[in-house]
Amino acid sequence: MSESTVQTIEIDAPPARCFEVAADLEAYPEWAGGVRRVSVHEKDAQGRPVRATLVVDAMIRQVEVTFRYTFDPPRAIRWTAEPGRDILELDGSYEFRELGEGTTAVYMLRVVPGFDIPGFLRSQAEKQIVGTALRALRKRAEGS
């Protein structure tokens, strides 16, 4: 089992706004670095995606992954990848914790790729993906 990467960032927006931005998967290509395309296959009663395929620039190559999502508004979004050629296992989450008038956002990512990549490079790629995603989420949620 691989270890996960966890990072946090402070966002000058309430948890509900952070949750709203993170739950809008179809807008990811506009702001989430590396996400090239999103196809939503299934939505829940509130219109949130519960199954979607993302095409992501994974530094080494573009990867197509189908995810299942669960929501705990406005506190958390969790996802798990369906196993495929490029990804054997992938779990991730955003957690949004109230911080005065803002939010502490916590992003966790655990990936087991379906292709050979040295552990150090995998770890560095995870750290870069998580850090980039958090900074982009902050920028989008703060409206700048």
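Predicted model: local features only at pLDDT ≥ 70, side-chain atom pairs only at ≥ 80, totals over all residues.
1. Thr103 sits in strand β7, which covers residues 102-113, and with a relative accessibility of 0% it counts as buried. Leaving aside neighbours within four places in sequence, Thr103 is in contact with several residues, including Ile9, Glu10, Ile11, Phe96 and Arg97.

2. Next, have a look at the largest nonpolar core, which has 40 residues. Tyr28, Tyr69, Tyr94 and Leu137 have the most contacts inside this core. Helix α3 (residues 119-142) gives the most to the core, with six residues. In soluble globular proteins, nonpolar side chains tend to be buried together.

3. Not counting residues up to four places away in sequence, Leu137 touches Ile11, Cys18, Val21, Ala22, Trp31, Tyr94, Phe96 and Ala105.

4. Now for the aromatic rings: the whole structure holds nine aromatic pairs. One of them is stacked, because the rings of Tyr69 and Phe71 have their planes at 20°, with centres 6.5 Å apart. Tyr69 and Phe71 are both buried.

5. The rings of Trp79 and Tyr107 form an edge-to-face pair, since their planes are at 85°, with centres 5.6 Å apart. Trp79 belongs to strand β5 (residues 76-81) and Tyr107 to strand β7, so this pair ties together parts that are 28 residues apart in sequence. Trp79 is buried, at 8% relative accessible area, and Tyr107 counts as buried at 8% too.

6. Finally, one aromatic cluster brings in both pairs: its members are Phe19, Phe67, Tyr69, Phe71, Trp79, Tyr94, Phe96 and Tyr107.

Definitions and conventions: Residues numbered from 1 in each chain as written. Heavy atoms only, no water. Helix = DSSP H or I, 4+ residues; strand = E, 2+ residues; numbered from the N terminus. Buried < 20%, exposed > 50% of the residue type's maximum accessible area, 1.4 Å probe, protein only. Contact = heavy atoms within 4.5 Å. Core = buried A, V, L, I, M, F, W, Y, C linked by side-chain atoms within 4.5 Å. Phe/Tyr/Trp six-rings, centres within 6.5 Å; stacked < 30°, edge-to-face > 60°.
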